[in-house]
Amino acid sequence: MKRIKISGLALKNLRRKFVRTAVLLLLVAVVTGTLLGATIFISGMRNALKIGTYRLGADVLVVPEKNEAQAKAALLSGEPTSFFMDRSVYDSVKNIEGVKRASPQLFIKPASFTCCYNVEAFLVAFDPASDFTVTPWLQKNLKKPLIDNDVITGSSLPVLKGDSLPFFGTLFNVVGTMEPTGMKFFDQSVFMTMDAAYAMAANSKTKSMQPIDIDTSKISAVMVQVQENFTPDRVAIRIEHSVNGVKAIASDEVVSNVRRQLAGLLKGILGISALLWVISLLMMGFAFYMIVNERQRELGLLRAMGAKRAQIFALILNEAVLISVTGGLFGIAVGFSLLLAFKDIMIKSLKLPYLLPSGDILIELVFGAILFSIITGLLASLLPAASASRMEPYEAIRKGE
Amino acid sequence: MIEVRHIIKSYTIDGQTLKAVDGVSFSIKKGEVLSIIGHSGSGKTTLLSLIGGLTRPDSGEVVIDGTNIWAMGDNSLSEFRNRKISFIYQFASLIPTLTALENIMLPTAFGHYGADTEQYARELLGLMGLENKTNSYPSHLSGGQQRRIAIARAFINRPEIVLADEPTGDLDEDTEEEVIRLFTSMNQDQQVTFIIVTHNRDIAAKTQRQLTMSNGVVSELVK
């Protein structure tokens with residue numbers, strides 16, 4: 001048997017005013033999409049920060065005092081850089097109280113890199129004997145140390161295991177690729193041993209058009225892991241106090257700076273989203289007020305046929321929920337599209353790490369977005385629905401004439 | 001049985017209080033057909049709405065089968081309307097987004113109806129001579145056809161009381177005759193009580209009782 005249902009009536013009512021319904025759908029879609037896109041973007045940055053910081057594994061990074069900004073830029077946005085200091089810094093740092101482990105690294109900006117299209121690669125050389133940042137990954141995934149001209153590459157570089165990469169006249173063999181971290185410092189880097197880096201520098205004088213001058217007395221940074229009963233801040237101060245001309249950057253400091261930036265960004269995005277939301281709430285509220293007003297007679301007729309107040313209330317809310325859910329689904333598509341379209345531009349301009357959140361979190365965010373759009377629709381239609389349900393049938397029929 | 005007891009309904013327009021229905025009392029037996037005649041603005045439609053539970057009186061009672069409907073809660077009154085009362089209006093009262101069949105079945109969305117409802121709706125469409133308009137939308141129907149569908153809808157709940165406000169207003173003579181025949185048949189076969197507000201003295205003459213209404217007051221015409 002054919003049955004007339006309140007939800008069916010609501011759907012037909014929405015179809016009747018197609019343009020208005022489409023505008024309302026678009027409104028919900030834009031608000032939901034903006035909010036979802038922004039939330040996924042912020043989550044992605046937080047995610048990258050969490051994974052990247054974990055992967056960094058160092059509590060303190062010791063760099064030449066004058067290169068502090070470059071070092072931070074290298075860590076956070078993977079900007080290739082070259083700076084050097086004397087190896088004696090490493091010898092001094094490893095003996096400072098509170099330092100559990102220390103390991104030197106070399107940061108080298110390639111003069112030219114023709115293999116990887118427009119991806120900027122960054123050369124990071126580590127000391128296998130003392131390293132605690134790259135070696136754990138090697139042990140877990142490669143199950144053997146790097147030898148000679150072996151390198152491992154970050155996930156963003158378009159090279160595969162077995163490929164050869166030329167740097168400063170030396171060919172390196174790619175023996176593995178790291179999983180994505182969202183931090184360009186890892187994702188766009190080529191990791192090699194310090195011995196290989198020094199040999200490459202020595203060879204560059206005869207084999208490269210753009211030789212580099214690095215001898216074994218030079219390092220770029222010292223990665224430090226602090227003892228359990230010391231805080232990174234305290235050890236950083238001790239290092240700066242004990243060794244001249246260096247800056248000891250606690251990883252907390254880097255992370256908290258990013259967190260501050262993120263918080264500012266979040267406030268901005270939330271402010272815009274809140275404004276959009278209030279506007280959409282008011283517009284939808286006004287639209288539903290109009291819907292109820294122009295259908296007074298019709299609603300009065302339904303009441304005369306025996307519709308209860310709750311059924312009239314449900315009819316209006318049904319229309320709001322239909323608009324909200326459909327608009328919300330469009331919004332999710334819009335949100336993902338906006339994210340894909342502007343992600344790279346935003347990352348580049350913000351200079352912050354980014355890694356798409358995991359599937360579970362994405363599903364949560366998508367459900368959250370639908371719930372948010374439903375709540376918006378319900379809030380916007382609540383007063384008009386209540387007013388519609390309270391109308392006396394005869395008054396509604398008369399006023400609607 | 002319907003008993004209207006000392007019912008008063010007034011409206012305030014531009015600061016002035018006007019009594020649309022002024023202390024009206026009368027009663028109708030089950031299965032009776034009553035017409036109310038009067039000029040525009042005499043309070044006929046308001047009286048019909050008071051009897052049908054659509055607008056609350058300032059004072060007085062409407063007692064149907066022993067129950068004062070204005071003592072009921074809103075939900076009970078809505079259910080009561082859905083089960084026992086139907087209205088026929090003097091204006092086009094179809095929902096534009098529903099087909100003819102759906103419009104007739106619309107009251108069933110608000111109550112519990114049997115599986116034979118659709119069949120009955122189709123029968124009513126047939127009685128109105130509109131069996132070929134089942135899936136037509138109101139915008140594709142003439143004014144007269146729309147009125148006939150609204151009349152068919154008034155019977156879908158097998159009402160005990162039909163309150164009709166100028167039910168044949170814009171129908172041609174033949175259709176008007178058919179509608180009157182339907183009313184008569186419903187009255188005779190199912191003991192449906194009719195209260196018909198009309199300007200048409202010919203229709204009024206065919207009813208068992210006639211009331212005239214003027215300035216909110218009714219008086220009975222003795223045949």
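Modeller: Start with ring pairs. Rings of Phe, Tyr and Trp (its six-membered ring) pair if their centres lie within 6.5 Å; planes under 30 degrees apart count as stacked, over 60 as edge-to-face and the rest as tilted. This is a predicted model, where local features need pLDDT of at least 70 and side-chain atom pairs count only at pLDDT 80 or more, while totals for chains, interfaces and linings use all residues. Residues are numbered from 1 along each chain as its sequence is written, chains are lettered from A and ligands numbered from 1 in the order in which they are written, and side-chain values use heavy atoms, without hydrogens and water.

Biologist: How many aromatic pairs does the structure hold over all chains?

Modeller: Nine. A pair of aromatic rings is described by the distance of the centres and the angle of the planes. Take Phe107(A) and Phe122(A): the pair is tilted, with 5.6 Å centre to centre and 55 degrees between the planes.

Biologist: Which parts of chain A does that pair tie together?

Modeller: Helices (H or I, at least four residues) and strands (E, at least two) are DSSP runs, numbered from the N terminus. Phe107(A) lies in strand 3 (residues 99-108) and Phe122(A) in strand 4 (residues 122-126), so the pair ties together parts 15 residues apart in sequence. Ring pairs also link Phe83(A) with Phe107(A) and Phe122(A) into a cluster.

Biologist: Are Phe107(A) and Phe122(A) buried or exposed?

Modeller: Buried means under 20% relative accessible area, exposed over 50%, partly exposed in between (1.4 Å probe, protein chains only). Phe107(A) and Phe122(A) are both buried. Another tilted pair joins Phe167(A) and Phe172(A), at 6.0 Å centre to centre and 55 degrees between the planes. Phe167(A) has 1% relative accessibility, so it counts as buried. Phe172(A), at 0%, counts as buried too.

Biologist: Where does the charged end of Arg398(A) sit?

Modeller: A charge sits over a ring if NZ of Lys or CZ of Arg is within 6 Å of the ring centre and within 35 degrees of the ring normal. The charged end of Arg398(A) sits over the ring of Tyr11(B), 4.7 Å from its centre. Within chain B, Arg158(B) lies over the face of Tyr120(B), at 3.8 Å from the ring centre.

Biologist: What is the phi of Arg158(B)?

Modeller: Positive, about 45 degrees, although Arg158(B) is not a glycine. Arg158(B) lies in the loop between helix 5 (143-153) and strand 7 (161-165) of chain B. Its relative accessible area is 41%, so Arg158(B) is partly exposed. His6(B) also has a positive phi, near 45 degrees. But His6(B) lies in strand 1 (residues 2-13) of chain B, and at 58% relative accessibility it counts as exposed.

Biologist: Which residues touch the most other members of the largest nonpolar core?

Modeller: A nonpolar core is a set of buried Ala, Val, Leu, Ile, Met, Phe, Trp, Tyr and Cys residues joined through side-chain atoms within 4.5 Å. The largest has 103 residues; Leu302(A), Phe26(B), Leu47(B) and Phe155(B) touch the most other members. Helix 11 (residues 309-350) of chain A gives the most to this core, with six residues. A second, separate core of 43 residues includes Phe167(A) and Val190(A).

Biologist: What does chain B have in helices and strands?

Modeller: Seven helices and ten strands. Of its 223 residues, 58% count as buried.
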